[in-house]
Amino acid sequence: MTISGRRQPVAGQAGTGDADVFSSHTADLRSRTQLPERRRGWQGVFLSMSAILLVADVAAWALSWMVSYHGDTLEVCMTLMVALSLAAQRLYQSHLTASVLDQLPGILVACSSAFVLTLVVVKLRWPDVLALDVFRRAVVFALAIIFFRAVALALVRYARRKRIIAHRTLVLGAGTVGAALLDRLHDHPEAGLLPVAVLDPFPIHTDKTMGVTWLGSVDDLAAVIEEQRINVVVVAFSSIREADLVEVLRTCDRLECEFFFVPRLFELQHVNGDMEQVHGMPLVRVRRAAFRTPAWKVKRAFDIAFSGALLVLAAPVMAAIAAAVRLEGGPGVLFKQVRVGLDGRPFTMLKFRSMKPVNDAEQQTQWNISNDKRVGPVGKVLRVTSLDELPQIWNVLRGDMSIVGPRPERPHFVDEFSSHIPRYTGRHRVPAGLTGLAAVHGLRGDTSISERIMLDNHYIENWSLWLDTKILLRTVGALFRHPGS
């Protein structure tokens, strides 16, 4: 095996001997990640900006239909196109600044796009419809949306100033920047952030806490968020090392909490559409964890449908492989091995047997068997073609794994790598996968563990359905370029 590009001896190392025994690293991961998801309060559900904007747009569409409805399907087509364009422009996302002027360029772009798309669709279906009629209705839609959104956002600003909408906020950092941020949050409640706690083990400006709860340690940040009922965490140049802070913040992925951070050299930072600001201080919103997005449910639905269909289609091939394995090595066609999956939980992974281990300790601690003389001709073919992985389709259907995700590792090596490789346990934030970003880059078998972890965490931080699609498309080619080992 390779750590940071250098080979490390594995043979002769003592194993656990028991696949269910985990070291303190894995146990700590599980205890810190298996926190209950905190439910959003009634304010978060009924007074979120996203919900208010949606209600405003529904009112705008209703008014537009009353003004210009002629009994045809043009209004329906226009409404759908406007809704899709607004969603594509991310104009339903909640922001710290509530102003229709900030949204006006996006609204005009969305309505213009809807006009063009609607015109194309209508002309294909009803060639006699005038372009001017479509344009007139698009203008009515745009004016109605601008008006109702202006009213809705004015109500949001009022509710925030009166603290009717007030998201409980924890400021992580009590230096000069943290103190300046606290001043802004207190003086400008229209951002909707109510500071209730400050956390920094080595504070500088202790006189700037303004009556909020003072906290010192970040080790139990997830528990603090639960206890203090925190909705928003803002990282403002804490005294904590950034490398340590990344690990701490990742333990909070399961919580229904938004994270922002003040960027370095923020005085020179250009605030673009993807950033927020509180009275001139820019804030970068940390991307919502993948499994907290609606698209993650689509991923699981795809896993179920794809694995179910694949099991049926691959049944004849799997039966033939099972017969070949049985003839070559006798009883025991399937090889069962404990691996570490989501949140550090163990599960039993299935493979076709390519050789028989001497005992349980060997299968848990031997790193690579590609050159083992006990691997017969059938086993070598299975490993080179990766056909020995086919039974893992059942793990995907059960929910132990996903089609795409970091490859799962054994408890013994999870313990070993966790103590040597920074951010190793971060790869357990999502289910393990049949294939993954590291796998399609050829990082399988006796390759650099550090590079694998870098790509696994990159996959998690940048996950999307399209990224999964790209990995699946590249997997077939990777099987030929980088045979299994």
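Predicted model: local features only at pLDDT ≥ 70, side-chain atom pairs only at ≥ 80, totals over all residues.
Strands of a sheet pair through backbone hydrogen bonds, either parallel or antiparallel. Here 7 strands form an open sheet with mixed pairing. Their order is β5-β4-β3-β6-β7-β9-β8. The edges are held by β5 (213-215) and β8 (275-278). Each of these two has a single partner strand, so one side of each is left without a neighbour in the sheet. From one strand to the next, the twist averages 35°.

Strand β3 (residues 167-172) has parallel partners in β4 and β6. Its pairing with strand β4 (residues 193-199) runs over 6 bridges. Within the β3-β4 pairing, V171 stands opposite V198 in β4. The pairing of β3 with strand β6 (residues 232-235) runs over 4 bridges. T169 has V232 in β6 as its bridge partner.

β7 and strand β9 (residues 281-285) pair in the antiparallel sense, over 2 bridges. F260 has R285 in β9 as its bridge partner.

The structure holds 6 aromatic pairs. One of them joins F115 and F135 in an edge-to-face arrangement. The ring centres lie 5.6 Å apart, with 80° between the planes. F115 belongs to helix α5 (residues 100-125), and F135 to helix α6 (residues 131-161). The pair therefore ties together parts that are 20 residues apart in sequence.

Rolling a probe the size of a water molecule over the atoms shows where empty space is left. The second largest pocket has a volume of about 710 Å³. It is lined by 30 residues. Closest to its centre are L245, V246, L249, F261 and V286. By class, the lining has 18 nonpolar, 11 charged and 1 polar residues.

Several elements contribute to this lining. α9 (242-250), β7 (258-261) and α16 (449-461) each supply at least two residues. The largest share, 5 residues, comes from α9.

Technical notes. Residues numbered from 1 in each chain as written. Heavy atoms only, no water. 1 Å grid on protein atoms, 1.4 Å probe; cavity = no way out; pocket = protein on both sides within 12 Å on 5 of 7 lines; lining within 4 Å. Points joined across faces, edges and corners; volume = space filled by probe spheres on them. Nonpolar A, V, L, I, M, F, W, Y, C, P; charged D, E, K, R; others polar. Pairing = 2+ DSSP bridges. Axes fitted to C-alpha atoms, helices over the stretch in contact; angles between N-to-C directions. Phe/Tyr/Trp six-rings, centres within 6.5 Å; stacked < 30°, edge-to-face > 60°.
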